[in-house]
Amino acid sequence: TRVCVAIRFKDFSKQFFGFSSLTAAESFNYKKFFEMVGLKKKSPEDVKKVFHILDKDRSGFIEEDELKFVLKGFTPDGRDLSDKETKALLAAGDKDGDGKIGAD
């Protein structure tokens with residue numbers, strides 16, 4: 001299941017076209033990405049749907065190994081994030097410093 005399904009692919013497909021962070025190495029900017037997909041404007045229910053899609057192992061947390069592949073959830077051409085990009089994204093979402101992102 002692609003994350004776009006949960007947050008309406010049609011709303012974002014035009015924005016994804018040409019967004020180089022999805023494919024160009026070391027170009028991912030999580031602030032720009034989340035602004036582009038509009039997660040801050042989504043309802044709590046929609047955000048939880050996205051969370052559960054990204055939580056591949058159903059642990060209730062999104063860990064570093066799951067974040068590495070986040071772009072592939074938005075587009076089939078998405079690349080894996082580099083370790084540096086993954087760590088920056090994790091740090092942005094890790095509110096309690098435990099090395100993982102919780103649903104809340």
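Tutor: Helix 3, strand 1, helix 5 (64-67) and strand 2 are among the elements that cover the buried residues of helix 6. Covering is a matter of contact, that is, heavy atoms within 4.5 Å.

The model is a predicted one, where local features need pLDDT of at least 70 and side-chain atom pairs count only at pLDDT 80 or more, while totals for chains, interfaces and linings use all residues. Residues are numbered from 1 along each chain as its sequence is written, and side-chain values use heavy atoms, with hydrogens and water left out.

The buried residues of helix 6 are Glu85, Thr86, Leu89 and Leu90. They span an arc of only 130 degrees around the axis, so they sit on the same side of helix 6. The arc is taken from the directions that run from the helix axis to the C-beta atoms. An α-helix has 3.6 residues a turn, so residues three or four places apart point the same way. Lys84 and Ala91, on the other side of helix 6, are exposed. Buried means under 20% relative accessible area, exposed means over 50%, and partly exposed is in between, with a 1.4 Å probe and protein chains only.

Thr86 belongs to helix 6 and has a relative accessibility of 1%, so it counts as buried. Apart from residues up to four places away in sequence, Thr86 touches Glu64, Leu67, Lys68 and Leu81.

Asp96 is exposed because its relative accessibility is 59%. Gly99 is in the loop between helix 6 and strand 2 as well, but with a relative accessible area of 35% Gly99 is partly exposed. Not counting residues up to four places away in sequence, Gly99 touches Leu90 and Asp94. Gly99 and Phe61 are 38 residues apart in sequence, and their C-alpha atoms are 9.7 Å apart in space.

Phe61 is part of strand 1. Its relative accessibility of 29% makes Phe61 partly exposed. Beyond its neighbours within four places in sequence, Phe61 contacts Phe51, Asp55, Glu66, Asp98, Lys100, Ile101 and Gly102.

The unreviewed UniProt entry lists Asp55, Asp57, Ser59, Phe61, Glu66, Asp94, Asp96, Asp98 and Lys100 under "binding site". Of this set, Phe61, Asp94, Asp96, Asp98 and Lys100 are in the lining of the largest pocket. UniProt positions follow the numbering used here, feature names are shortened, and annotations may be inferred rather than shown by experiment. The unreviewed entry also has the annotation "domain: EF-hand" for residues 42-77 and 81-104. The span 81-104 is 46% helix and 12% strand, with its end C-alpha atoms 23 Å apart.

The largest pocket has 26 lining residues, and Phe34, Ala92, Gly93, Lys95 and Ile101 are the ones nearest its centre. Helix 3 (30-37), helix 4 (44-54), strand 1 (61-63), helix 6 (83-93) and strand 2 (100-102) each give two or more residues to this lining. On a 1 Å grid over the protein atoms alone, a pocket is an open set of points where a 1.4 Å probe fits, with protein on both sides within 12 Å along at least five of seven lines, and lining residues have an atom within 4 Å of a point. The volume of the largest pocket is about 750 Å³, taken as the space filled by probe spheres set on the points, which are joined across faces, edges and corners.

Helix 4 also has a buried side, made up of Asp46, Val50, Phe51, Ile53 and Leu54. These cover an arc of only 165 degrees around the axis, which puts them on the same side of helix 4. The face turned away from that side carries the exposed residues Pro44 and Glu45.

As for the whole, the protein has six helices and two strands, in the order α-α-α-α-β-α-α-β from the N terminus on. Of its 104 residues, 39% are buried.

Methods. Helices (H or I, at least four residues) and strands (E, at least two) are DSSP runs, numbered from the N terminus.
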